Amino acid sequence: MFNKKFLKHYYIMLIPAIVWLVLFNIVPMFGVVMAFEDFNPSLGMWKSPFIGLKNFKYMFQMSDIKQIMSNTIIIAVGKIIANLIVPLVFAILLNELCIRKLYRPIQTVVYLPYFLSWVILGKIVLNIFGFVGPVNSVINYFGGESINFFGTASLFRPLIIGTDIWKNFGYSAIVYLATMLGIPPELYEAAAVDGAGRFKRIWHITLPGIKMTVALLAILSLGNVLNAGFDQIFNLYNPLVYSTGDILDTWVYRVGLVNLQFSLATAVGLLKSVVSLVLITLGYWMADKFAGYKLF
Amino acid sequence: MNIKDNSIGSKIFDVINVILLVAVGLACFLPLWYVLCVSLSTKGAVNAGLVSFWPVGFNLDSYKKIVGEGAFFGAFWNSIRRVALGTAVSLACILLAAYPLSRTKKQFPKRDMFMWMLIFCMLFNGGTVPWYLTMCKYRLIDNIWGLVLAGGLPVYNVILAMNFFKNLPSELEEAALVDGAGPWRIWASVMVPLAKPSIATITLFTMVGYWNEFFQGLVLSTREASYPLQTYIQQMVVTLDYSSMNAEQIAEATKLNNQSLDAAKIFIAMIPVLLVYPFLQKYFVKGITLGSVKG
């Protein structure tokens, strides 16, 4: 039903949100012109000299850009894969739990880290893997030397991916568990009558039942290929592990807001934003095309 | 599932499965428990690495010491104000905007234009540096409103609320229309009351989000007094940088550092989340499974 009198009110209802959106989402976007300027704070955004693509050229000549790019992609892709598989395995195991009384308590406890910030979890992780922390105590107990976990470049990526799984797997498993609840129990009963054992039932009923969900989540995570997780890495890294752990976002923060090289940092940030935009759009498009998933 | 299967392989699987899942559960719980134990132990015991999963030399000294730390409470208060203001502002904007956006194209012809605007802002941003310079121009440094507004409109939550409104049976709204209700009346008396569970989800997620955010608190503050709690913890609770030290220096530095006090601060920062956790759990399953919409 179209009612012309209502339209005015619809616009009024949208005002607060649109004002917020314009001032805090859209206006900052215009700042990307700095990527094409030799930005000088005293001249401001619109009067600084325009230098075209020089910042981008410089960026690709930098020695550390390759390292940062590969760190970002390796960590991000590692997380994407791990965060698809681990929650899946966990959900299947939880679904098969024979002591049903344990189902709720386990579920309750595994979500918990998801709701705590990386500031808190980072401190906890650093303490636990610290020099006098419990992990090194156990190592010492068995006669090993204390390991400087977060000061060793080769250990950094596995630790980052591992702690990320720890924070997120319980929450990610919810989607799988909800899908599994939707599988008709008759299928399991029929399979049992036909003589299918437990593992066969998991393989032929549970897995096909959640296949689409896994595929959908995989497609939608495409947009995260350049998102290695700023909050986590920022709270866990230090100069000793820059070689394996410095990512685009942390680099942009240091170069832009600490060293105040505004133009260069903006250029790198813009590159990331544009690539991510393309990947996310592609992800949503594929999700719509192959799985009928619509965001709105 | 719950079908009896008495084969040996299945029994072995059950035993291993229970052990494994209990271990996984413990792995999620014990680290948090460890922080509580450290905060309740004596400094000496912590520095000697004696504390594992039970307090050594139980005492409340760390908590007593925190009472005297003005900076900690200042940051705590900043966070409380931020959560209160932020949740109120976000919710008002989200719920008001979600209603017109949930209308069909016939009812609200410009709907799609606004939708695309929102979607674009959700998927693209100018990056950290332009954002920061804009916030400076707005003079939102050391300002509580900076901590509330700087993140921008929570577009995802608008879409979530919009989908909830869209899925409500249209007969209810039509009945209200017949009774002569206008858009504000429909919004306040039909839409919002019916969407209570989803509003609860969004409220809780918004609160936790504001509470947990630390980066804006860091870059939008020039002095310690403006920090929200997470930023305070990120900056003040010194996690020793062992990386650049030798063993003696580490031992020395560890003695100077009061890990028990730090743990107490971390634990206090977790308490608000733990308090809303039971409510979160009640609602968040709906929250994420309803993220998409049918048709």
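**Contacts between chains A and B**

In this predicted model, 87 residues of chain B are in contact with 83 residues of chain A, two residues being in contact if their C-beta atoms, placed from the backbone, lie within 7 Å. Helix 1 of chain B gives the most to the side that touches chain A, with 16 residues. By class, that side of chain B has 57 nonpolar, 25 polar and 5 charged residues. Here Ala, Val, Leu, Ile, Met, Phe, Trp, Tyr, Cys and Pro count as nonpolar, Asp, Glu, Lys and Arg as charged, and the others, Gly among them, as polar. Residues are numbered from 1 along each chain as its sequence is written, and chains are lettered from A and ligands numbered from 1 in the order in which they are written. Local features need pLDDT of at least 70 and side-chain atom pairs count only at pLDDT 80 or more, while totals for chains, interfaces and linings use all residues.

Chain B holds 15 helices and 0 strands; these are DSSP runs numbered from the N terminus (helices H or I, at least four residues; strands E, at least two). Of its 295 residues, 39% count as buried, that is, with 20 or more other C-beta atoms within 10 Å of their own; exposed residues have 12 or fewer, and partly exposed ones lie in between.

One place where the chains meet is the pairing of helix 4 (residues 103-111) of chain A with helix 1 (residues 8-39) of chain B, which pack at an angle of about 35 degrees with their axes 8 Å apart. Axes are lines fitted to C-alpha atoms, for helices over the stretch in contact, and angles run from 0 to 180 degrees between N-to-C directions. Ile106(A), Val109(A) and Val110(A) meet Leu21(B), Val24(B), Gly25(B), Cys28(B) and Phe29(B).

In chain A, Glu145(A) sits in the loop between helix 6 (134-141) and helix 7 (153-181). Glu145(A) counts as exposed because it has 8 C-beta neighbours inside 10 Å.
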